[in-house]
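Please look over the structure shown below before reading on.

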Amino acid sequence: MKGAMGLRFLGGVLLAAVALLLNGTAQAQLTYGVRAGVGFPTLRRTFVDRSERAANIVGFHAGAEAAYFFTSSPGLYLESGLQLALLGGASLNVNWFLPGTTRYNSRMQLYALQLPLRLGYATALGSLSLYISMGLQPSVALWGEVDQIVDGQRHQARASFESEFNRLDVAISFHTGVGFGRLPLFFGIYVDYGLIGIQAVNGEGHIGNFGLSLAYLFRRPAMLSADAPSMARVKNGNDPQ
């Protein structure tokens, strides 16, 4: 059900994006750059086992970034890109009588290719700029590893997709942060939540992720420049009559 809701939401976002593209193609500014950051993904389960507890692992994301700013609707933009991410999570064996002996019994690390599609709004605030964006982030797992602790021994194996784990996922993605002065550098926090469970058998194990993200655009959008209005006035005043 969650997967179907996510696909319907994705369809709505895509339709809105197409409408904005058709209305603002002649008046838009495309800029691109790179994005990287650190995350702390985990696996969320519907059915909670008191003998186990979900735990975060340290992940990352890095790749290309593109933003399409609509000058006909100041501040509104469409954000996308292509990035490699380390996702997954861990499971802890919980000893309620001896909490100090709690140890992880399994850990999954998935390397996935992500294609974010977010609709956002940005505004200049003095020498800074604030932004917020939300949308969907489809991803496909390329490869992965699963560590398990059995009788005190660590066993490592490659993740088996289709038969054991789902390769595809669609996450709800939320970003917010600040841009710094004249530099096309944007720093923020993000929260993602996968709508499709990673486990192929029962659909459990939704990947939740939060962390920090840094984007560098090779060209700062004109509408986020604090001196953009004054520059326009000077230019108009010097134009030949």
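Is Leu125 buried or exposed? With a relative accessible area of 53%, Leu125 is exposed, because exposed means over 50%, buried under 20%, and partly exposed in between (1.4 Å probe, protein chains only).

## Basis of the model

This is a predicted model, in which local features need pLDDT of at least 70 and side-chain atom pairs count only at pLDDT 80 or more, while totals for chains, interfaces and linings use all residues. Residues are numbered from 1 along each chain as its sequence is written, and side-chain values use heavy atoms, with hydrogens and water left out.

## A nonpolar surface patch

Leu125 is found in strand β7, residues 117–125 (strands are DSSP runs of E, at least two residues, and helices runs of H or I, at least four, numbered from the N terminus). Together with Leu128, Leu130, Phe180, Leu183, Phe187, Ile189, Leu212 and Leu214, Leu125 forms a nonpolar patch on the surface, with about 780 Å² of accessible area together. Such areas come from the Shrake-Rupley method with a 1.4 Å probe, and for residues only the protein chains shown count as cover. Patch residues have over 30% relative accessible area and no salt bridge, like charges being joined within 9 Å and nonpolar side chains (Val, Leu, Ile, Met, Phe, Trp, Tyr) within 5 Å; a salt bridge is a side-chain nitrogen of Lys or Arg within 4 Å of a carboxyl oxygen of Asp or Glu.

## The largest nonpolar core

The largest nonpolar core has 13 residues, and those with the most contacts inside it include Met108, Phe161 and Ile198; a core is a set of buried Ala, Val, Leu, Ile, Met, Phe, Trp, Tyr and Cys residues joined through side-chain atoms within 4.5 Å. Strand β6 gives the most to this core, with 3 residues.
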